[in-house]
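Trainee: I would like to go through this model with you. Can we start once it is on the screen?

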Amino acid sequence: MASVTQRARLGVPRAPRARTLPRFLWALPPVAALGLVFLHPLVLLVRQSFTPDEGGPATAAYAEVLAAASFQDALVNTVFIAAGATAGCLALGFALALVVAFVPFPGARALGRFIDIFLAFPSFLITLALLFVYGTTGVANGVWTAATGAASGPLDFLHTPWGVLLAEITYFTPFVMRPLLAAFSQVETGQLEAAASLGARPWRIVRTVILPEALPSLAAGGALVLVMCLNEFGIVLFTGAKDVVTLPVLVYTKAILDGDYTGACVVAVVNIALSVALYAGYRALVARTGRKGGAPRARTQQ
Amino acid sequence: MAAPPETAVGPVAAKTAAGIRFDHVSVAYGDHTVLDGLDLTVEPGEVMALLGPSGSGKTTALRAVAGFVTPVSGRVLIGGRDVTALPPYKRGIGMVVQSYALFPHLRVADNVAFGPKARKVPRAEIEPRVTEALELTGMAGYARRYPRELSGGQQQRVAIARALAIRPGVLLLDEPLSALDAQLRSGMLAELARLHRELPDVSILYVTHDQVEALTLADRIAVMDRARLRDCGTPRELYRAPRTEFTASFVGNANLLPVTAGPGDATVTFGNRELAVRGTEGVAPGAAATLCVRPHLVGLGEGPNALRGRLAELQWRGATHRLYVEVAGHRVMADERELRTAPAVGDEVTLHFAPEDGVLLPAEAGADG
C-alpha cells in the first residue's frame, strides 16, 4: 500500500476522512520541543548578557568583556585553532582518503572500517593518547632522556595552541575522511582510466577529476569540523590546560570558577555569533568555489 | 543526426600510423589466467574487432594495450615500440569505454580539451583541436553543454571526440555501443564506419560481444573464448568458412551437425544420409567431424542434399520465418523469406542446401551440435 508521501508524489488525491486534525497541529510538538530545549535557554542567555549585575547600561557587560585582554586572547585562540584544525583536517583527510580509496594495499578495507569506529571514540581518549606519547613525561621524551641522559626531553608543546591544534586535527580528521571515502567510492573507474589514457599523470587526475567530484563531500566534512572545533571544550581543557583559553573554556571559567554569569553569557553570545558567522562565510566560500568548479555531479541521461 | 560538416581531417588524424602487436601476451590474477598467450597483430590503419562472450579475455587484451593491466608474460608493442612497461599516460592512445566516462563537472569542450591540456599541447593549438574533433563527430553545436545535458548517443560521440583530440595512432573502443538502444546503436555504427573512412591512419581495436558490430565495422575479427584466441580472419572468411565450431556458432547463426567424413571426396555421412559438401580437407575419411550450414542457406523443398524431417517449431520474425526441423534426432534451422503458405508444426517437410554452403569442421571434444 502506498504511503502518504508516495500518494502525494504520484498525485493521487487524498481520500476524504471524516475526522482529520488541522495540519498545523503536527508542527506543534517539534516547535514545542525546540522552544523548550533550545530557544528558551537561548533567549534567557541573551537576556542575561544584557543585564549587568552592577546595573548601568544594558551593554555595560559587553563593553567590559570585549575590552578584556583575556577575552581577546580567547577569541584569537578560538579562531586560530578552529581555522587551523579545519584546514589541517581537510588536507590530511583528503590525502589519507585518497590513499585508502585509490592506492591498493592490504588492509585498506579494514582501515576504512576502523575510521567508522574512530568516529565513536570520545575526544579525551585521543588527548590522553597524545599526552602519553608527546607529553612532558611521555614516551617520546622518555626515549630522549634515556638515550641522552638529559633531565628533560625536547617536546613541550601540548599545552600550547599547537598542541590543541595537533589533538583536534588527530581527532577530527576522520570526520572529513568518512564523507570523502563515500564520495570517492562513487567516482567511476572509467573516468580515472580515461584521464590516464589521455595523458594525465596521477596528480593531475586527483586535481582535475577526483577533487572536483569530491568537492561537495569535502565541503560537508569541512563545515562539520569547523563548527565542532569552534565549540570544542574537552580537548582544549585536557590538552591546553590553563595555558590555552578559547571562548568555550572562557565561558566555563567565568560561569563556574568566577561566578560571573553575565560575563559568561556575553562570551557565549559572541561564541554563537562567531560560529554562525564563520559557518556562513565558509558556506559562501564553498558555494563560490563550487560555481567556479562547474556544475554539480551529473546523472547520465540515456 | 545531421551529417557533420566537411572538416580538415588531416590535423585530427594521427601523424603516424601505428599498429598493435600482442607478442604471446598472458595476463593472470593469481592462479586464474584471463588471457592466455595472445599472439595478434593489428596492422596500421586496420579495424580489428575482438569478439567473444563475457570472460573470454577480450577486454583484458584491450586493457593490456591501454596499460591498465600488466601482462605476466609477453610484450605489447605499439607502432613497433615495446610499451609493456610504460604507464598509461605515456602510451598516447585514445580510449572509449561503454559508460562514456565523461567528466561530469566539465563542459563538452573542456572534456575534449582534457587530453591536449594533459599532454601539454601549446595553448593556441588546443582550441582548434577541440573544434576539429567536435566537428568530426558532429558535436560542434554542443561545446558549452555539460554531459548530463546530452543523450547517450551524444555523450558517446563526445567521448570519441575526446579520444581523437590527442591525435592517437591507436584508438581503443571497449563495447562503445552497449549502453545505447538498438536504433541509436545502428546510427552510431554508421558514424564509426564514417569516422574510420575519414581517419584511415588510426588503428582501431574494437572490443565487442555483438557479432553485428564486428561484422559491420571490422577489417578483421579476432574471435576469443576462455582466455584464448580461437580464430582470426576477415568477417567474410569467418562467416563463410569458419575454422572452428565456436567461431561458426558465435559469428552468425549456424547449424552444427555431427557427421562422418567420406565415403567419397567432398562427401559426408549424416545419420544414414550421404551429403555433398564444399570439401573435406583436414579431416581424415571416416573421422568424426561437424558440418556447418548457415540457416539462411538452407532452403525449404526438394533440392541437393535433401533432409527430410518433421517441423518441430515455426517462428515468424517479420521478414523471415525460422523453421526448426527434426532430422535424424537433430534440430536443423532454416531461415526462409516470409512464407505465404507456411507448413504446420508436425508436418513432414524437406530441407536442402547447396554443397558449396556445407563447411566441414574438425569435431571438438564436448561440443554440442
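Mentor: First, the terms: two strands pair if DSSP finds at least two bridges between them. Helices (H or I, at least four residues) and strands (E, at least two) are DSSP runs, numbered from the N terminus. This is a predicted model, where local features need pLDDT of at least 70, side-chain atom pairs count only at pLDDT 80 or more, and totals for chains, interfaces and linings use all residues. Residues are numbered from 1 along each chain as its sequence is written, while chains are lettered from A and ligands numbered from 1 in the order in which they are written.

Trainee: Which strands stand at the edges of the open sheet of chain B?

Mentor: Five strands make up this open sheet, in the order β15-β19-β16-β17-β18, with antiparallel pairing. Two of them have a single partner strand each, so one side of each is left without a neighbour in the sheet. These edge strands are β15 (298–300) and β18 (330–337).

Trainee: What does the twist average from one strand to the next?

Mentor: Axes are lines fitted to C-alpha atoms, for helices over the stretch in contact, and angles run from 0 to 180 degrees between N-to-C directions. From one strand to the next, the twist averages 45 degrees.

Trainee: In β19(B), which residue is the bridge partner of B:Val298?

Mentor: β15(B) and β19 (residues 348–353) run antiparallel, joined by three bridges. The partner of B:Val298 in β19(B) is B:Phe353.

Trainee: Which residue stands opposite B:Asp23 in β4(B)?

Mentor: Strand β1 (residues 20–29) of chain B runs antiparallel to β4 (residues 73–78), with five bridges between them. Opposite B:Asp23 stands B:Arg75.

Trainee: In the hairpin of β4(B) and β5(B), which residue takes a positive phi?

Mentor: β4(B) is also joined to β5 (residues 81–82) by two antiparallel bridges. B:Leu77 faces B:Asp82 there. Two residues lie between the strands, and the positive phi, near 60 degrees, belongs to B:Gly79.

Trainee: In the hairpin of β9(B) and β10(B), what is the phi of B:Arg226?

Mentor: β9 (residues 220–225) and β10 (residues 228–233) of chain B pair antiparallel over five bridges. B:Ala222 is set opposite B:Cys232. The turn has two residues between the strands, and B:Arg226 has a positive phi of about 45 degrees.

Trainee: How many residues of α2(B) are buried?

Mentor: A residue is buried if 20 or more other C-beta atoms, placed from the backbone, lie within 10 Å of its own; it is exposed if 12 or fewer do, and partly exposed in between. Helix α2 (residues 58–66) of chain B is mostly covered. B:Leu62 and B:Val65 are among its buried residues.
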